[in-house]
Amino acid sequence: MKVDAIVFDLGGVLVDIDLRRAFAAWGAAAGVAPDAIAARFGVDEACCAHERGEIDDRTYFGHLKSSLGIALSDEEMLAGWNAIIGEPMLGIEAVLRRLAGRLPLYVFSNTNPAHVAHFTPRFAHLLGYFRSTFTSCDIGRRKPEAAAFARLASLIGAPASRLAFFDDVEENVAGARRAGLQAFRVSSAAEILAISEALVPANTAR
């Protein structure tokens, strides 16, 4: 089926993310083994509320300090939190450069205000290939909720069935498919390029 736009997840698709970097940073600052912190961390309701924009960074960091059993300043929490975000995925910019002239590109990420403030200036060049970056904390919905994808389609102004969507998390891909998107689980720029070439022929122009 023809697509009108391509939507990319951020972490794990465009940019490397790894929670272990946060655990290591917090552990070093607090004098606690990173493995102990990792065992206490979870994507709980506070994490989801943070990603829906319902609680601010300070409130979430307070929750983390309590649940992880670490006594750190908000500045130390933020430094570890931002360490989760690594470098652009290998080969991804070349893929974006190739696709940007064919169809509109968008980002849709489950994320939070602290990370948005961190990655927006840091990856300004990479994000320049996209018409818009949509975040869960701005729209108040998280993947894989059906309402999140409905809102995404509305913001883009295209039927869900005409959107291609790349994510590295199977749960999000399944949710996108239930919502009618053409969704694909990917783990590399090469996979994205191969699927995109089939969806959007080289002679397609936006």
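Leaving aside its neighbours within four places in sequence, which residues is arginine 185 in contact with? Let's get to that in a moment.

Quick housekeeping. This is a predicted model, so local features need pLDDT of at least 70 and side-chain atom pairs count only at pLDDT 80 or more, while totals for chains, interfaces and linings use all residues. Residues are numbered from 1 along each chain as its sequence is written, and side-chain values use heavy atoms, with hydrogens and water left out.

Okay, the sheet. We have an open sheet of 5 strands, in the order S5-S4-S1-S6-S7, with parallel pairing. Strands here are DSSP runs of type E with at least two residues, helices are H or I runs of at least four, and both are numbered from the N terminus. Two strands pair if DSSP finds at least two bridges between them. At the edges sit strand S5 (132-135) and S7, each pairing on one side only. From one strand to the next, the twist averages 20°. Angles run from 0 to 180 degrees between N-to-C directions, and axes are lines fitted to C-alpha atoms, for helices over the stretch in contact.

Let's walk across some pairs. S1 (residues 5-8) and S6 (residues 163-167) pair in the parallel sense over 4 bridges, and alanine 5 stands opposite leucine 163 in S6. Then 3 bridges join S1 to S4, with isoleucine 6 opposite leucine 105 in S4. Another 4 bridges join S4 to S5, where serine 109 faces threonine 135.

So is S4 enclosed or open? It's largely enclosed by the rest of the structure, because 5 of the 5 residues of S4 are buried. Buried means under 20% relative accessible area, exposed means over 50%, and partly exposed is in between (1.4 Å probe, protein chains only). In a regular strand the side chains alternate between the two faces of the sheet. In S4, Leu105, Val107 and Ser109 are on one side, Tyr106 and Phe108 are on the other, and all are buried.

Helix H10 (residues 146-156) packs on this sheet, touching S1, S4 (105-109), S5 and S6. Its direction makes about 150° with that of S4. In the loop between helix H9 (136-139) and H10 you'll find proline 144. A cis peptide bond joins lysine 143 to proline 144, with omega about 10°.

Now back to arginine 185. It's in strand S7 (residues 182-185). Contact means heavy atoms within 4.5 Å. With sequence neighbours within four places left aside, arginine 185 is in contact with Asp167, Asp168, Val169, Glu170, Val173 and Glu191. The arginine 185 side chain reaches the backbone oxygen of aspartate 168 at 3.1 Å. Arginine 185 is partly exposed, at 48% relative accessible area.

Last stop, the helices. H4 (residues 57-68) and H5 (residues 74-83) pack at an angle of about 90°, with their axes 10 Å apart. That makes H4 roughly perpendicular to H5, a label for angles of 65 to 115 degrees; under 35 is roughly parallel, over 145 roughly antiparallel, and the rest oblique. Residues meeting there include Phe61 and Leu64 in H4, and Met77 and Trp81 in H5.

Trp81 turns up again with histidine 115: leaving aside neighbours within four places in sequence, histidine 115 is in contact with Trp81, Asn82, Ile84 and Ile85. Histidine 115 lies in helix H7 (residues 113-122) and is buried, at 8%.

Note on methods. Polar contact = N/O pair within 3.5 Å; in protein donor to acceptor, adjacent residues only side chain to side chain.
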